[in-house]
Amino acid sequence: MNRIVVTGGKRLVGEVRIGGSKNAALPLLFAGILTGDVCVFSNLPRVSDVLQSLEILRFMGARIRFHRSGDVEVDYRELRPVAPPASLTSAIRGSVYLLGAMLGRFGFAALPGAGGCDFGNRPIDLHLRGLGLMGAVEVPTEEVLTLRAAEGLVGCQFRLPLPSVGATGNLLMAATAARGETVLSCVAIEPHVQALAAFLRAAGADISPFEEGTVRVRGGAPLHGCHVTVIPDMIEAGTYLCAAMATGGRVMLQDVVPEHLGALLWVLERMGVRLQIRRDSILLEAPERYRCTRIETGPYPAFPTDLHPQMAALFCIGGRAVGEGSVRERVWQSRFRYTEELRKMGAAVRIGGEEARFVPSPLHGAEVRSPDLRGGAALLLAALAVEERTEITNAATIGRGYEHLEAKLRALGARVRVYG
Ligand code: UD1
């Protein structure tokens with residue numbers, strides 16, 4: 001996916017089935033390493049980040065079979081403790097989960113570099129501190145981050161200074177292999193972190209429920225293969241809800257977990273939207289006009305940082321949005337690069353520190369460049385709202401996280417073409 005061309009101005013109407021969560025799928029695929037066995041994944045989204053993760057595993061010796069049913073079987077039995085090339089790992093953020101998974105299985109981990117969206121500095125000091133407490137030692141090498149636990153991993157107590165999703169995932173994985181008990185507190189409790197814990201339990205790990213941000217793991221017992229169904233993608237779901245809003249549409253989401261979207265649904269209701277929420281579906285009927293509001297991102301259950309750009313796009317759309325909107329970004333301070341591109345479409349944005357303010361103004365078509373996955377989604381939403389033609393380049397960034405994007409949008413009536 002290189003380019004997306006949109007001629008907007010059409011109300012999106014219809015149903016859309018939400019796929020499996022990218023952010024849940026990536027840690028699961030790497031956690032499978034710990035089983036040294038065969039795992040079967042259902043509802044694995046076919047997005048480039050997932051395909052890239054499978055490439056990494058294949059390079060390391062995993063055998064991958066795509067079943068006709070859509071299930072993907074990964075056989076980790078012949079996986080070797082080798083460092084994958086940087087060209088593979090640096091394309092995605094999820095490769096960071098190699099650290100906990102490889103250490104747990106081999107007592108050795110090597111990561112030439114993890115990539116993902118560019119939000120400025122994306123540190124992994126908390127991953128390394130926790131793994132260090134479990135006995136992993138960094139081996140100084142030239143380029144590749146290499147960790148070794150010569151005597152095997154041991155349980156530890158670690159209170160994270162902030163609830164990092166990535167660090168929680170890595171430490172949970174390593175803890176299942178560590179001798180004795182590990183107590184992690186102030187952990188992230190995102191649905192995809194809970195899904196990782198559920199997968200590890202299904203593979204035989206002894207992991208307590210998450211209680212007030214604390215989780216206990218009794219490690220050391222060998223894990224085994226299992227079958228897992230990836231949870232629905234709450235960010236994809238939220239993006240389609242925002243697309244309905246941007247176009248004054250009426251969209252029914254199927255196969256969602258509304259509870260995971262609590263913060264977004266609450267904000268949408270504040271904006272004057274009517275929602276019909278059922279066990280696994282959400283119907284959104286957008287009003288002609290909606291009120292802008294103020295959002296602040298944070299760790300779950302706060303408003304997700306991965307839905308901030310899409311909400312910001314809604315605040316920019318003159319003719320639909322009323323009032324002034326603002327976003328305070330508390331997870332990634334350098335996440336406002338997409339606003340430069342929205343400006344090319346006529347958006348009125350002011351940025352001060354970690355806050356951006358938006359005044360609705362008449363938008364127009366333009367040639368814009370997607371800066372990152374969700375920033376690109378924001379540009380797409382703005383493009384769907386305006387009648388003129390918009391061309392979004394660097395669209396591979398968007399393909400990292402949206403499955404069957406063109407088909408899903410066209411089924412809702414959008415005039416969209418994806419090239420390359
Ligand atoms: C974060 C988001 C996740 C989102 C992803 C991509 C949160 C809590 N996490 O996950 O929902 O899908 O970005 O947008 O919303 N940090 C450190 N040291 C570390 C690790 C993290 O200081 O070792 C800081 C980061 O700088 C950041 C915060 O912790 O400010 C959250 O990071 P983390 O949750 O680890 O990032 P991701 O796992 O990439």
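Author: In this predicted model, the part to look at is helix 6, where eleven of the 13 residues are buried, so the helix is largely enclosed by the rest of the structure. Those buried residues are Gly166, Ala167, Thr168, Gly169, Asn170, Leu171, Leu172, Met173, Ala174, Ala175 and Thr176, within a helix that runs over residues 165-177. Its length can be checked as well: at 1.5 Å a residue, the 13 residues of helix 6 should span 18 Å, and the C-alpha atoms at its ends are 19 Å apart, which agrees.

At the N-terminal end, helix 6 is capped by Ser164, which places a side-chain oxygen 3.5 Å from the backbone nitrogen of Gly166.

As for a packing partner, helix 4, made of residues 98-106, has an axis that comes within 7 Å of the axis of helix 6, and the two cross at roughly 5 degrees. Because angles under 35 degrees count as roughly parallel, that crossing makes helix 4 roughly parallel to helix 6. The contact brings Leu99, Gly100, Ala101 and Gly104 of helix 4 together with Asn170, Met173, Ala174 and Ala177 of helix 6, and the residues taking part divide into five nonpolar, three polar and no charged. On the helix 6 side, Asn170, Met173 and Ala174 take part in this contact and are also among the buried residues of the helix.

Conventions
Residues are numbered from 1 along each chain as its sequence is written. This is a predicted model: local features need pLDDT of at least 70, side-chain atom pairs count only at pLDDT 80 or more; totals for chains, interfaces and linings use all residues. Side-chain values use heavy atoms; hydrogens and water are left out. Axes are lines fitted to C-alpha atoms, for helices over the stretch in contact, and angles run from 0 to 180 degrees between N-to-C directions. Helices (H or I, at least four residues) and strands (E, at least two) are DSSP runs, numbered from the N terminus. Angles under 35 degrees count as roughly parallel, over 145 as roughly antiparallel, 65 to 115 as roughly perpendicular and the rest as oblique. Contact means heavy atoms within 4.5 Å. Ala, Val, Leu, Ile, Met, Phe, Trp, Tyr, Cys and Pro count as nonpolar, Asp, Glu, Lys and Arg as charged, and the others, Gly among them, as polar. The expected span of a helix is 1.5 Å times one less than its number of residues. Buried means under 20% relative accessible area, exposed over 50%, partly exposed in between (1.4 Å probe, protein chains only). A polar contact is a pair of N or O atoms within 3.5 Å; within protein, one must be able to donate a hydrogen and the other to accept it, and residues adjacent in sequence count only if both atoms are side-chain atoms.
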